[in-house]
Amino acid sequence: MDRPISRRDFADGVALAGLAAWAAGGCAGPYEPDWGEAWGDLGEAADAYPPAWQGLQGDTADAMAVPDALHGRRFWRHAGVPRPTGERYDLVVVGAGVSGMTAAYRWWSQDPDARILVLDNHDDVGGRARRNEFRPAGRAGPLVGYGGPPSAPSPPSPCDREAAGLLAGLLAEAGVGPGAFDGRARYRKLGMRDGVFCDRESFGTDKLVVLRPDWIGELPMTHEGQAELAHLLRDAPDWFPGLSEAEKKGRLAGLGYAAFLREVCRAGPEVIRFCHTMPVRERALTSELISALDAWSMAGPHSFPGFGGLGLRRSATDPSPGRSSGDVGDVWCLPDGDHGLIRLMVRRMIPEVAAGDPAEDVTLAPFDYERLDRPGNRVRVRLSSPAVLVRNDGSADAAASATVGYYDGEAVRTVRAGAVVLACPHGVIPHLVPDLPPEWRDALERTVRAPVLCATAQLRNWRSWHAAGVDRVRFTGAYWPDVRLAPSLDTATYRAPADPDEPILAYLVRPAVRADAGADPRAAVAAGRRELTAVPYRHLEFTVREQLARLLGAHGFDPARDVQGLTINRWTHGVPLGPTAERPAKRFGRIAIAGSDSAPGANAAITTAILAVDELRADRPDSAARSGQGV
Ligand SMILES: Cc1cc2nc3c(=O)[nH]c(=O)nc-3n(C[C@H](O)[C@H](O)[C@H](O)COP(=O)(O)OP(=O)(O)OC[C@H]3O[C@@H](n4cnc5c(N)ncnc54)[C@H](O)[C@@H]3O)c2cc1C
């Protein structure tokens with residue numbers, strides 16, 4: 001009876017179904033792949049270094065057991081009585097993603113003596129911005145990549161001045177400046193391009209079409225289908241003559257992109273099938289689940305068919321202002337994507353975490369995870385510790401502090417805080433804060449995050465990609481629609497593979513919403529999440545190898561020999577899928593909300609963190625301003 005409650009005790013039916021499926025697939029526990037030399041010179045240190053962990057990572061059963069139990073209202077039935085740790089902080093942040101770490105960093109920048117605690121349910125910092133690291137034999141240093149969103153938000157993109165300043169400062173420290181963002185230039189110099197793989201799942205046959213001039217004629221479609229696609233790409237008419245620009249955008253905003261193609265453009269089934277996975281690269285969603293306005297605003301010249309004749313101009317309120325998935329190359333800042341920003345912030349706040357020269361490139365600086373949560377630290381990051389309760393001490397109007405409870409793997413522990421920033425998914429917040437104002441609760445509960453899988457594969461070399469003439473390929477219907485080589489980005493000390501004979505990382509993304517599960521996005525998301533949770537890792541590994549073989553087998557790729565390592569990042573709560581909730585405009589007592597669910601993009605994660613901290617700091621009760629004096 002006195003046995004401590006473990007995370008697994010909170011696992012719900014979904015997680016248990018997933019575990020049962022694993023067991024049925026021959027893996028009774030977390031799967032530990034035998035990658036042999038893929039660990040390279042990291043040796044046993046890899047055990048304490050989450051970025052090097054392969055197999056299934058991200059929203060694992062362990063990471064999600066407590067948040068899911070809170071959501072299912074089961075947690076407190078088993079949790080026992082909370083026990084105070086006696087710790088007091090100026091700020092407690094819930095969520096160690098881009099937003100939460102920015103909140104901690106903002107507070108620390110203004111008060112370097114502050115005591116700050118960051119809590120997260122995952123085993124690594126970064127939230128969905130997870131780092132994946134591999135050590136191929138024979139390479140000097142690791143291959144570094146990302147397991148979530150690809151690009152760090154960059155200063156030229158439209159975030160407010162404060163956020164841009166914070167980013168520019170951090171990125172300058174990493175030696176990344178404007179002009180260093182094109183991660184595909186090296187591949188283009190080698191004659192490699194985009195490709196579309198029309199697959200047997202959607203076209204009855206497998207065919208790679210490299211996007212050279214006149215590529216449409218190579219598609220395995222009827223002449224009518226090819227002509228229709230060419231028409232929609234090159235000379236689509238104005239579908240809404242007589243409407244103002246705002247009215248046209250309003251129409252597009254109210255339609256899914258697939259519905260726009262079907263109902264407005266009257267596109268036939270071949271074109272609809274061809275376009276199905278187009279939004280995956282930018283949004284990790286398929287064409288039914290993004291609005292036509294979103295598709296238009298992502299489109300560079302000639303990428304999403306159907307918009308050419310509308311004569312629309314870009315504005316700051318568009319869903320993806322200033323971004324383009326066209327032929328100009330994506331925006332890449334750091335080899336580990338948004339996680340690089342997290343590292344920069346953590347290293348500043350907890351210098352001991354990265355031994356050695358502080359000027360050393362943060363991409364390669366070894367991080368000691370044991371040092372994230374030492375009693376002597378003023379800033380502490382406590383991983384695998386989901387928050388379960390956040391409450392103002394007293395009425396929201398008068399509270400000078402708040403109490404935060406978290407689950408440490410055995411019991412609920414509490415700390416006191418002068419201020420709390422909630423930078424976790426908004427849907428979690430009503431389950432953490434029992435006395436939340438009802439209008440906040442309603443808005444926060446409406447937010448939805450769609451599930452997604454992001455695989456990072458270590459490949460022996462990239463000769464076969466070079467021979468195929470592609471570095472980035474969209475599959476029209478196969479399991480992983482977005483397949484690409486890692487962007488080739490050098491930093492001060494990190495050298496991306498430059499020769500096709502060198503080992504390299506490849507990324508594969510699978511949006512996991514079940515669009516066929518009904519018109520209600522929540523039902524589609526829930527069905528996708530159930531499927532994702534149940535699928536065995538071995539099956540995912542098989543699909544990665546099989547799909548790469550279909551793409552590259554004709555050019556010498558051997559899936560058994562050439563895939564040397566694999567991390568599959570499962571995000572059951574991955575990509576924001578509207579509607580977004582307005583961020584509550586003011587704090588609730590000593591609690592404020594940050595995070596990226598109120599507006600799309602990591603820029604929003606940063607901006608909301610800055611707003612939340614500034615609100616809490618603007619009118620701190622004097623007694624709460626310093627730890628140990630009233631909190
Ligand atoms: C493939 C991919 C593509 C994406 N593309 C886009 C895009 O196009 N546009 C876009 O807006 N976003 C996109 N995202 C989402 C993107 O990751 C976020 O916008 C960004 O990382 C912001 O992070 P955040 O800090 O707000 O949230 P997160 O990274 O989710 O961080 C929040 C953290 O809080 C943790 N948490 C949850 N509950 C608790 C709890 N009870 N206690 C403690 N911690 C808790 C979470 O587990 C997580 O670690 C994409 C994500 C993926 C995976």
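This is a chat about a predicted model of one protein chain.

Reader: Before we start, what kind of model is this, and how are residues numbered?

Author: It is a predicted model, in which local features need pLDDT of at least 70 and side-chain atom pairs count only at pLDDT 80 or more, while totals for chains, interfaces and linings use all residues. Residues are numbered from 1 along each chain as its sequence is written, and side-chain values use heavy atoms, with hydrogens and water left out.

Reader: OK, how many helices and strands are in the protein chain?

Author: The protein chain has 21 helices and 17 strands, where helices (H or I, at least four residues) and strands (E, at least two) are DSSP runs numbered from the N terminus.

Reader: And what share of the residues is buried?

Author: Of the 631 residues, 59% count as buried, a word that here stands for under 20% relative accessible area, with a 1.4 Å probe and protein chains only.

Reader: Which residues of strand β8 are buried?

Author: In strand β8, which covers residues 379–382, V379 and V381 on one side and R380 and R382 on the other are all buried, leaving both faces covered.

Reader: Which way does β3 run beside β8, parallel or antiparallel?

Author: Strand β3 (residues 116–119) and β8 run parallel and are joined by 4 bridges, and two strands pair if DSSP finds at least two bridges between them. Within this pairing, V118 stands opposite V381 of β8.

Reader: Why does A354 count as buried?

Author: A354 counts as buried because its relative accessible area is 9%.

Reader: Changing topic, how many cavities of 30 Å³ or more are there?

Author: The count comes to 3 cavities of 30 Å³ or more. On a 1 Å grid over the protein atoms alone, a cavity is a set of points where a 1.4 Å probe fits but cannot get out, and lining residues have an atom within 4 Å of a point. Grid points are joined across faces, edges and corners, and a volume is the space filled by probe spheres set on the points.

Reader: What is the volume of the largest cavity, and which residues lie nearest its centre?

Author: The largest cavity has a volume of about 90 Å³, and of the 14 residues that line this cavity, V144, A486, P487, Y494 and P497 lie nearest its centre.

Reader: Which element gives the most to that lining?

Author: β15 gives the most to the lining of the largest cavity, with 3 residues.

How values were computed: Buried means under 20% relative accessible area, exposed over 50%, partly exposed in between (1.4 Å probe, protein chains only). On a 1 Å grid over the protein atoms alone, a cavity is a set of points where a 1.4 Å probe fits but cannot get out, and a pocket is an open set with protein on both sides within 12 Å along at least five of seven lines; lining residues have an atom within 4 Å of a point.
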